[in-house]
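Hello,

Here is the structure we spoke of passing on. My notes on it follow below.

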Amino acid sequence: MRNMVNLTQPYVDQFDAVKERLPGAQLPWLEARRVAGLARFKTVGLPTVKMENWKYTRLPNLDEPGFRLATWDDGHVAVAGVPAFFSDQTALVRLVYVNGIIHPELSQLDQLPDGVSVEPIAQVLETDPGFIEQHMGTEAVAYDQGFAALNAAMMESGTVFRVATGVVINQPIEIVYLNGGTAEPIYRHPRNLFVLESGSQATLVKRHAGISAGAYFNNAVTEIVVGDGAILRHYTIQADCLEALHLSSVHVRVGRDATYENFNLAIGGRLSRTETRVRLEGRGSHCNLSGAYLMKASEHCDNTTVIEHLVPDTTAREVFKGVLNDEARGVFQGKLIVHKDAQRTDGYQMSRALLLSNRAEMDTKPELEIYADDVKCSHGSTTGQIDETALFYLRSRGIPEALARNLLIQSFIAEALEEISDLRVREAMAHQVIHWLPAQCYFAEEWKQP
Amino acid sequence: MLEIKNLHATVGGNEILKGINLTINKGEVHAIMGPNGSGKSTLSYLIAGKDGYEVTKGEILYNGVDLTEMKPEVRAAEGVFLAFQYPIEIPGVPNTTFLKEALNSVRRHRGEEELDAMQFVKLIKAKAEELGIAKDMLKRAVNVGFSGGEKKRNEILQMAVLDPKLAVLDETDSGLDIDALKVVSEGVNQLRSKDRAILVITHYQRLLDHIVPDFVHVLAHGKIQRSGGKELALELEEKGYAEYGVAAE
């Protein structure tokens, strides 16, 4: 067995080497948090399959191919353009990062309404550090995850998104993270902070795409505060390359009568894991954590959710659907914790997987911890194959087998896409699904110019 | 058009068809009547090409070509159509998308140009109107939330769009009340033509009041026991299948 100290030591060494040039290095409170994060990381270590909530996701050996921390130069590798998502100028604002560095020439920032800001975290640490001090690393973030703790120490890029009290924006805000394209594999620790003040409403589309084939490793942490009566629709499209590693943890606090809607579409990545933890803290709060994943080759996709109902009258809904081809693996872990006072909790959870190959594998683990007595919770999961009768039906109408299979995959995924309340986003996501069907990766030559 | 010669077939190792002989010419409407388990649905699936049905002896010739070697989609493109007893629901796929993919697949196979969205919408609207099908049925997902009657009408709409040479209607009357039965039958009658052959498969005579066949065959124990004109259906309605060694249900 490899020694835990040896596993964490390279990261500790790296921290010492780079800490002077990390953003906010001049801020004592931030340095204290970084040091605390590093200490926590040393104690917890890297996750292993012996840990209950990592039992189905084994990390590859991170010494191979040997990732190095991203530098300023990596943020300036050539990119051909930004892969299209919306069919027109649907997005109000678009931020584009290349390996963590914002690129104004690829972005579109001039239409920001009053009361809305969306900026790189390094910039906010210069202009308004108090805001970050107030909201980042609160009790919502459980540093029992080694990588989240490592992110606390090493965070170097990411976005701060703020919507002021009562401000309602209907058009989506788009944040695009383009990764990789470097000669050597790099890793990064992005940190996002989204704060919606009370009564505000916004739609955020976060996209991750590879610049070219080749390895990179993202270890992201996102913290979200949805204030009383606020609504955040938070959509993620993860279209990483076949060799990419993508770990992400999302920590959300939802206030009174507020709604947090999250949909995660994953269509690429050697190993991706999104761990979403929601605390329903305000009476009448609601969350919808749903997603779809389409994996091929030996890709591995893990959706892990933890929803805590802390007060009475909260509701939660989860619908995950996955399509696994070749030797791909899918994991869904859904934990629901209903605290003693959380009477009249209503929870629904569904996970369905479609296996296109007999070498593909799906692991599902629902967990319910219920301490209140007046609670309605249901969950279910299925894993199956293409319905042969439906396939025959389509073929009997003249549709060739390959096309018929594609239609049935689209049909399967459609049920999850219906959870997306923003119809423009739902349609754009449906196009991403179609794009996946014949087997693809988002290589630069296929991209549309911005 | 269709020549079935001494057809023997098995499903899961059980012999279901034990020597069927049947010839259908273009312009003719034939009805096969038979009790449950007589092999009616097996015959329709063999014509359309469903997996799991094995021909052990005999042949099915379609315009002189052996049909059993063709994939189901090729049979469809060549003009074979099966209206399902239980049409399949396909959530998330709009009916128009499904019909467009089907028609364009068939047109590609036939070496015809594909229809673009505009051309297709025009065609589908005209066909739907002819058959008295509401527009919202086109927009909804294939058969999802359709009533029994709507599902069967949707089958007839698909038939109208694909314009087959040989249409097999498998228990089209099942699950329909009398009003729905009339509507569906009218649709089928509109599609009767001197160039098209229709094979109606049914347990009950009542469908044949509306779709009047030229020939009626009685299928029992995997064989055609008797053939005649439309009056044979009335006789069966009266006497049941008892004389073919089948107990009343």
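How many helices and strands does chain A have? There are eight helices and 21 strands in chain A. Please keep in mind that this is a predicted model.

Overall dimensions: the C-alpha trace of chain A spans about 70 × 55 × 55 Å along its principal axes. A compact globule of 450 residues would have a radius of gyration near 22 Å, so the 21 Å of chain A agrees with that. Of these 450 residues, 60% count as buried. Taking contacts in chain A between residues at least 6 apart in sequence, 86% join residues at least 24 apart.

Sheet: ten strands of chain A form an open sheet with mixed pairing, in the order S3-S2-S6-S9-S11-S13-S15-S17-S19-S21. Its edge strands are S3 (101-102) and S21 (375-384) of chain A, each of which pairs on one side only. In general, strands of a sheet pair through backbone hydrogen bonds, either parallel or antiparallel. Within this sheet, strand S9 (residues 201-210) and strand S11 (residues 231-239) of chain A run parallel and are joined by nine bridges. To look at one position in that pair, go to Leu204(A): its bridge partner in S11(A) is His234(A).

Regards

Definitions and conventions: Residues are numbered from 1 along each chain as its sequence is written. Chains are lettered from A and ligands numbered from 1 in the order in which they are written. This is a predicted model: local features need pLDDT of at least 70, side-chain atom pairs count only at pLDDT 80 or more; totals for chains, interfaces and linings use all residues. Side-chain values use heavy atoms; hydrogens and water are left out. Helices (H or I, at least four residues) and strands (E, at least two) are DSSP runs, numbered from the N terminus. The radius of gyration is taken over C-alpha atoms; the globule rule is 2.2 Å times the number of residues to the power 0.38. Buried means under 20% relative accessible area, exposed over 50%, partly exposed in between (1.4 Å probe, protein chains only). Contact means heavy atoms within 4.5 Å. Two strands pair if DSSP finds at least two bridges between them.
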